[in-house]
Amino acid sequence: MDIEASPGSLPYLPGTGRPVPEAEPELVERWRSGGGELVELLSLVRERLGGVAAFRLGPAPTVLVTDPQAVQHVLARHPERYVKRSHRARLLIGDGVLAATGEAWKRQRRLLQSQFTGTGMRRYEQRITEAARTTAGRWDGYARTGQTLDIGQEMRRFALDAIWRSLTGHPLDDGTERELAAVAAVATALPTLPADATDAQDAVAADLARIDAVARHAIEAARGGKAGPDGPGLLHVLIDAATERPEYTDRLIRDELVTLLVAGHETTATTLTWLYLLLDQYPAAREQALVGGEGSAGRRQAIQALVHETLRLYPSAWILPRHATEEDSLAGYAVEAGTDILICPYLTHRDPELWPEPEHFDPRRFTTPDGRPAHPGAYFPFGIGPRACLGLQFALRESTVLLEHLLPVHTPAFHSTPTKAVYGITVRPDGPTPATLVPTLT
């Protein structure tokens, strides 16, 4: 869903402002020699220099932006000055709406926008619910037999089923699920692939071929009029568009299909996995979420707060790169044309000046008055502005519906838990999440 910003009152004063404070080279070199995650360097830069700061990984400085007002300025008030040049997942999603730019992005966004708000979302409500019921039935079986399950795999299975039903009208079958495991494989591999585009393509060629085969089969089935038991899906919207818009070639339809698969299941699955790991550390939060009666507005609000607090700690998009197309004044600092900008929701969400005890998991931040900062640039797990994630409402709805089915009944007892996070396209747990299910005590 778009989070539209009204025109800003900040003056546009090109060529004015102080130089952006820049981290000393020794800090960057220490980070390089330690081989740590990029987020560790960004955290040090923010801690030492504040919410608008620069550092150098190459000849030109990169500006890190975590201050809420500066975030709003870049993403929502002046997106035409700070553009998205490419997407890290382009190898996987091609020219899909996440990677598209300029007029092509506007056309693609306009087509998909209506599918994820209002009437469009109601069309997929039952499909999400059926995917949640399928997962709940599977968990009942695990609980009866004492079988070990992997929570992360279960969350991916649910989220993939929900988006597949919404795309095609069909429930996810075992064969399609096996083939679409290639989506997660490529997404996980992306940060470590060779810099050369051809070498990167070759490294994941087999997985990309599997994904292409699934997409081709789904497109052919939809074009042949084979709507699923739930009726036509999002894929049919794309195919219908091709009759009037020549740009919707089979390749672009494939790219949009894969984009929706990636965006529609990977981020949701990761969020739900983190949520269950956090509830294992903070069991009182589960009890607080289940105080209201089944189906009550109070319970739904409390469950949504669980999701929002998880997204605060582990936002779907933990880093948002932009490129300054012209000089600007940002929070009183001069930004030159050509500057690379890194917006980091992960660090903004953990700023102690905005969020007291930021490392503590406390869903009540989202249910109590004044529990969270009022500025829109302080909490933006799906981005803000015209390029905010299209699937915001879809992701929140599927997470809430699944938790309404599972939380009151089953509690995972983890055999082991990951010890750290991996910062790729999403922030994901580093390792498996094996567990058995015990009855939830309320």
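Student: Over how many bridges do β10 and β13 pair in the antiparallel sense?
Tutor: Ground rules first: this is a predicted model, where local features need pLDDT of at least 70, side-chain atom pairs count only at pLDDT 80 or more, and totals for chains, interfaces and linings use all residues. Residues are numbered from 1 along each chain as its sequence is written, and side-chain values use heavy atoms, leaving out hydrogens and water. Strands are DSSP runs of E (at least two residues) and helices runs of H or I (at least four), numbered from the N terminus, and two strands pair if DSSP finds at least two bridges between them. A413 has T436 of β13 as its bridge partner, and the antiparallel pairing of β10 with β13 counts 5 bridges.

Student: How many of the 5 residues of β10 are buried?
Tutor: Buried means under 20% relative accessible area, exposed means over 50%, and partly exposed is in between (1.4 Å probe, protein chains only). β10 is largely enclosed by the rest of the structure, because the buried count is 4.

Student: Which residue of β6 is the bridge partner of Y82?
Tutor: β4 and β6 (320-324) run antiparallel and are joined by 2 bridges. On the β6 side, Y82 has as its partner A324.

Student: Is R254 buried or exposed?
Tutor: R254 is in helix α12 (250-281). Leaving aside neighbours within four places in sequence, R254 has contacts (heavy atoms within 4.5 Å) with L92, I93, G94, L208, I211, D212, A215 and I219. With a relative accessible area of 5%, R254 is buried.

Student: Where do E357 and D370, the two with positive phi, sit?
Tutor: Neither is a glycine, yet phi is near 45 degrees for E357 and near 60 degrees for D370. E357 is exposed at 61% relative accessible area, and D370 is exposed at 80%. For E357 and for D370, the place is the loop between α15 and α16.

Student: Zooming out, what radius of gyration does the protein have?
Tutor: The radius is taken over C-alpha atoms, and the globule rule is 2.2 Å times the number of residues to the power 0.38. The C-alpha trace spans about 65 × 55 × 45 Å along its principal axes. For 442 residues a compact globule would come out near 22 Å, which agrees with the value here, 22 Å.

Student: What share of the contacts with a separation of 6 or more joins residues 24 or more positions apart?
Tutor: The protein has 16 helices and 13 strands, and 52% of its 442 residues count as buried. Of the contacts with a separation of 6 or more, the share from residues 24 or more positions apart is 73%.
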